[in-house]
Amino acid sequence: MTPLIEAKGLVRIYALRHGPFSRPSFVRAVEDISLSVFPGETLGIVGESGSGKSTLGRMLLGIDPTQGGEVRFEGQPMPRLGTPEWRALRAKMQLVYQDPLAALDRRQTIATQIGEPLDIHRIGPRASRAGRVEELMAAVGLRPDQAGSYPHELSGGQRQRTVIARALAARPKLLVCDEPVSALDVSIQAQVVNMLSDLQEDNGIAMIFISHDLKVVRNLADRVAVMYLGRIVEEASSDVIFQSPRHPYTKALVSSMPIPGKKLEGRVILQGEPPNPAARPSGCAFHPRCPVARDICRTSTPELRQVEKGRTAACHVVADNAAIAA
Amino acid sequence: MAMTVATANLVELRNLKVAFDGVRVLHGIDLDVARGEALGLVGESGCGKSVTWLAALGLLPGKASVTGSVRLEGRELCGSPRSTLEQVRGGRIAMIFQDPSSSLNPVLSIGRQITEALAIHRGLRGEAAKTEALRLMDMVGIPDARRRFDLYTHEFSGGQCQRLMIAMALAGEPDLLIADEPTTALDATIQAQILDLLIRLQAETGMALVFISHDLGAVSQVCERVCVMYAGRIVEEGSVAQLFSSPRHPYTRGLFDAIPRIEGPRKRLIPIPGTVPNPKTLPKGCAFAPRCSRTTAFCETSPPSLLPQKDGRKLACAHPIELAVAGKTERRVPEDLLQ
């Protein structure tokens, strides 16, 4: 089976200038990332702020240009941003953001906004579009009488449902969700998470789910990639990765997750902060905070390689242990 | 009234009510904070967990009407003059907020902000203030405090800004620290560091801590006792072990069920149906009745009061969930916590 979307060696570098004549410093937001998502599959991407997970999501959709590597969608290279081919492709892949209020137009009713992709991509005869909007609203759990509401009249959860309905309007094959439930309360978050997994099951949509919340990702994703400073440091199925993390960063991340009813004792609490992406540490970017760092970690960047069946990790220590075990 | 009667509790809130423009958002909160205890306040956005403490400290804007009683060691704070409140705020009761960078002054060096707090609350000046400020920065885990004393807030990361906020809060040697969502804006690994810091500081200084959060996981790590709030009322109050092993209010139970698990088999989440009611159009009876699966006609007409239960918890529900019998039902907390 060919992957729905495949990325090879993606690189994104932002140039930062501190003054009009100063030499720019470069931030490598995404560095050498390769991944693939198969039809109907959900890939979770987790990491802390600044790890490049949102940039990666935008690059996969062709919204952010790449400085290296390529993205292939259904086997075809991604057209350039703004070209007619790229626009046509937008119907097949959609983005859901964290803040629904910013993603919605305050002056249009939600029914108009949900129907907009149908008009843009000229999907179905005009007469049938109203029916499709009703169908979409029902699918995400909005009441028919809310069709004429404006975004400010809805609650946060209902707004996010509107954004998701709009994203689904053109029957996309891929949905990239960037922190879609982070701004919602726990009880509403559960409603939206369940809805996403139902919609995905019913429509066979592939999903890239970007979040800092490991618990939500574990619940939705089939596979999870953990990012640290622009690189994927570990990737495995979501059942495996949270149960037995191998990379020291994944271990710390899983361990730092507060579990209701459990005290903090015996947890790995990482010291220090994620380094500034503009001043990336040499070698493995995680080595200054890593409890098991060796000399080699300071000088050479570990490659992402298979350490066991169905699991890749970018860590010298994990790779050595895997070699001994093999 | 005898003002000299020493009460066991540090702070006592009685029938605290708050209304904004005639819309009541807090419906009579009764809450005690004992010396040195860590109390958690959980609930979803808009349930009044922050408003409770802003009202208690007189920090709400003028359009809010606050009634009821707030006592600090028996001394009434509610309605007392500004001069009294200013001695309490920062000195006896300090508060830290969710977003540290917007609570710090961007145009003053961090050292000046901490020494300012030391001057106001403890009358320290000059070299003495600087020494104490450096000690506080060291205590909250700012590495190389001496060199960073003159830096500005933008030169610190989010986690370090929160540490500096905590250092400023500690400057007045408060008896009570109110932490309002102190870790919500922070990354997971930094969140763990700040929680660890709060636990350590509380043990070292013996101050009481009120931890306001929507994150049940974070609350259960820091606190011994937890109050669950819904629509401006406390609906259940008990020890962490009690609430987590056997939540009795359907809302508490709903909150637990809605959280995705990081351990065990993956299951479909159980959301609470519906949404939080608008305070303008609150149901006549129990505010949770429209979302509750155990509602009867009684719930729709009369709001339940918060009543003490046999096992020491307090509960506001006419049809609570039966107490889980140990061993028989599925255990909701790991064994080690119940020992």
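## Burial and helix H11 of chain B

A residue is called buried if 20 or more other C-beta atoms lie within 10 Å of its own, exposed if 12 or fewer do, and partly exposed in between, with C-beta atoms placed from the backbone. Helices (H or I, at least four residues) and strands (E, at least two) are DSSP runs, numbered from the N terminus. Helix H11 (residues 250-258) of chain B has seven of its nine residues buried, so it is largely enclosed by the rest of the structure. The buried residues of H11(B) are B:Pro250, B:Tyr251, B:Thr252, B:Arg253, B:Gly254, B:Leu255 and B:Ala258. They pack against helix H9 (216-222), strand S9 (225-230), strand S10 (233-239) and helix H10 (240-245) of chain B, and also against H7 of chain A.

This is a predicted model: local features need pLDDT of at least 70, side-chain atom pairs count only at pLDDT 80 or more, and totals for chains, interfaces and linings use all residues. Residues are numbered from 1 along each chain as its sequence is written, while chains are lettered from A and ligands numbered from 1 in the order in which they are written.

## Contact between the chains

Two residues are in contact if their C-beta atoms, placed from the backbone, lie within 7 Å. Chain A gives 34 residues to the contact and chain B gives 42 residues. On the side of chain A that touches chain B, the elements giving two or more residues are helix H7 (186-203), helix H8 (214-220) and helix H10 (248-256) of chain A. H7(A) supplies the largest share of that side, seven residues.

By class, this side of chain A has 16 nonpolar, ten polar and eight charged residues. Here Ala, Val, Leu, Ile, Met, Phe, Trp, Tyr, Cys and Pro count as nonpolar, Asp, Glu, Lys and Arg as charged, and the others, Gly among them, as polar.

## Nonpolar core

A nonpolar core is a set of buried Ala, Val, Leu, Ile, Met, Phe, Trp, Tyr and Cys residues joined through C-beta atoms within 7 Å. The largest has 186 residues, and those with the most contacts inside it are A:Val226, A:Val233, B:Ala167, B:Leu176, B:Leu209 and B:Val210. Helix H7 (residues 158-170) of chain B gives the most to this core, with eight residues.

Not counting residues up to four places away in sequence, A:Val226 touches A:Val46, A:Gly47, A:Ile232, A:Val233, A:Glu234, A:His247, A:Tyr249, A:Thr250 and A:Leu253.

## Sheets of chain A

Two strands pair if DSSP finds at least two bridges between them. One open sheet has four strands in the order S2-S1-S4-S5 (chain A), with antiparallel pairing. Its edge strands are strand S2 (25-37) and strand S5 (76-77) of chain A, each pairing on one side only. Strand S4 (residues 68-73) of chain A is joined to S5(A) by two bridges, and A:Arg72 has A:Pro77 as its bridge partner in S5(A).

Another open sheet contains eight strands in the order S6-S7-S8-S3-S9-S10-S12-S11 (chain A), and its pairing is mixed. Strand S6 (93-96) and strand S11 (305-308) of chain A stand at the edges with a single partner strand each, so one side of each is left without a neighbour in the sheet. Three bridges join S11(A) to strand S12 (residues 311-313) of chain A, and the two run antiparallel. A:Gln306 stands opposite A:Thr312 in S12(A).
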